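Here is a short report for a reader new to this structure. Look over the sequence and the model before reading on.

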Amino acid sequence: MEQPRLAPPSLPLALVPVVLTLALLALQLFYFGDFTPHIPLVIGLAITGLVGVLRGQKWLDIREGVFHVIHVSMPSLSVLIVVGMIIGVWIASGTVPTLIYYGLTLLNPSIFLAAAMILCSVVSLSLGTSWGTVGTVGLALMGIGAGFGIPPYWTAGAVVSGAFFGDKISPLSDTTNLAPAVTGVNIFDHIRNMLPTTVPAMLIALTAYLVAGYALIEPHEASFGAIERITQELDARFELGLIPLLPALVVIVLALMRQPPLPSLFAGVLVGALIALFLQGAGLHEVFTYAQSGYAIETGVAEIDTLLNSGGIQSMMWTISLMLIALGFGGALERTGCLEAIITAIISRVKTFAAVQSSAIATAFATNMVAGDPYISIALPGRMYSPLYRGMGYSTLNLSRAVEEGGTLMSPLIPWNAGGAFVISALGLGIMSGNIQNLLYIPLAFACWTAPLIGIFYAFTGLFSPRATDGERAGWEKTDEDVMDLEDHALSDSGA
């Protein structure tokens, strides 16, 4: 028989595991200078479990909450494994080297950052996965940027901006489907309602990357000697051309046919393996090794060796272990009611639509920081804020946009979040090796953090903040949705 759920803890008690965990993370990251957040998160999970047990909860119930969140996120963990295989195999097949080669020979260095963002946006929109885009096209773009002499954090910022924005508005994306599902709106209405923040944020980012491109590197200042060394070495080591691009083409075609992301990406692995075998001359055991442990090469050209010695399932294990722990911590916080208590306290204090919308964005972001999982940061605030929006007479389209901006877009900017950990690992930023300066990709991912700010601006001005239509209200009654009584919560149905 299922145990009855306890009432959420008091706010001070709910904050205990959150505050202590953030303090431990700060100690590890900033005082010790050690970018391995695993142990602080494990201790945070233990503290959260202790809080639940002291309140009378059964440990088995808390454990069920931990494993439930991990189970829900298994598709994302599976994508990580396949992306690790893709990176290793696509390097061996010549796919990544071909993209780097033609990128260095055809792209204008000054517009590279802007082009990188646009390319990642298009690919992510087509594939419906920001992670798949970062691990494939993003990796190749890192190599091109290195050839142009552009700092890796600038290239990473452009890749993240494009990849996560394409994911945000792709109907194939899991988070784009999750946000409208938990807020009770149509997915295509949700996508249309995100355009008022998406388009300006992308234009701001595009302008910033164009300005930065001309400021960072002029065409006549590019190290063409280094570019020539890289292209000559790639041409000598790999069979380049159209055939090595087939794995990427297969993945894109399958995505356009609306095939699921995981088998589509794995098809790219298989095609890449065949090309590595029959075109590049790799042995079968070598291909297995590349998929498992990553590609290995020594060319004597530092830029090539740094980039191409990567990939494989094992390269993702650090990230996967972090995700498992972070997801478990988030599941414990959710099952013990700590997150619910914190969000309820926030809801009880907001008085206007502008405050509600801003709080929803901030809550999704804060949940991302604490729980380390973009899915929880969308699902939990989406469930808890929906009755409030309905009670104030506003469409929950506002809420679905808010949780996407605070959840999907901010996840790659938090290093210990699942999104941030993946970006750092897949793009080879080397943060764990001491290259802390590469964390500058966070403020340079302009599109990700400007969109929430634009959304908050709209909330205070009333722009693009739709009220509930008669059809929506009828839908709430038909499906018996919860509508908060504003008088009981001292809220007002007013705008900014």
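A residue is called buried when its relative accessible area is under 20%, exposed when it is over 50%, and partly exposed in between. The model is predicted.

Arg-335 lies in helix α16 (residues 317–335) and Glu-64 in helix α3 (residues 59–72), so the bridge ties together parts that are 271 residues apart in sequence. Glu-64 is partly exposed, at 48%. A network of salt bridges links Asp-61, Glu-64 and Arg-335.

The structure has five salt bridges by the rule used here. The table gives three, including the one just described.

| Salt bridge | N to O distance |
|---|---|
| Arg-192 and Asp-189 | 2.3 Å |
| Glu-233 and Arg-237 | 2.8 Å |

Arg-192 and Asp-189 both sit in helix α10 (residues 187–216). They are three residues apart, about one turn of the helix. Asp-189 is partly exposed, with 32% relative accessibility.

Glu-233 and Arg-237 both belong to helix α11 (residues 224–237). They are four residues apart, so about one helical turn separates them. Glu-233 is buried at 19%, while Arg-237 is partly exposed at 41%.

**The nonpolar core**

In soluble globular proteins, nonpolar side chains tend to be buried together. Here the largest nonpolar core holds 139 residues. Phe-164, Tyr-209, Leu-308, Tyr-385 and Tyr-441 touch the most other members. Helix α4 (residues 74–92) gives the largest share of this core, 12 residues.

What is Tyr-385 in contact with, leaving aside its neighbours within four places in sequence? Its contacts are Ile-343, Ile-346, Ile-347, Val-356, Ser-359, Ala-360, Thr-363 and Leu-399.

**Aromatic rings**

The whole structure contains 11 aromatic pairs. Ring pairs join Trp-154, Tyr-209, Phe-446 and Trp-449 in a cluster. Tyr-209 is also one of the core residues that touch the most other members.

**A nonpolar patch on the surface**

Ile-243, Leu-246, Leu-249, Val-253 and Met-257 make a nonpolar surface patch of about 440 Å². Met-257 lies in the loop between α12 (246–256) and α13 (261–278). Is Met-257 buried or exposed? Its relative accessibility is 51%, so Met-257 counts as exposed.

Note on methods
Residues numbered from 1 in each chain as written. Predicted model: local features only at pLDDT ≥ 70, side-chain atom pairs only at ≥ 80, totals over all residues. Heavy atoms only, no water. Core = buried A, V, L, I, M, F, W, Y, C linked by side-chain atoms within 4.5 Å. Buried < 20%, exposed > 50% of the residue type's maximum accessible area, 1.4 Å probe, protein only. Helix = DSSP H or I, 4+ residues; strand = E, 2+ residues; numbered from the N terminus. Contact = heavy atoms within 4.5 Å. Phe/Tyr/Trp six-rings, centres within 6.5 Å; stacked < 30°, edge-to-face > 60°. Patch = residues over 30% accessible without salt bridge, like charges linked within 9 Å, V, L, I, M, F, W, Y side chains within 5 Å. Areas by Shrake-Rupley, 256 points an atom, 1.4 Å probe, with all protein chains shown as cover. Salt bridge = Lys/Arg side-chain N within 4 Å of Asp/Glu carboxyl O.
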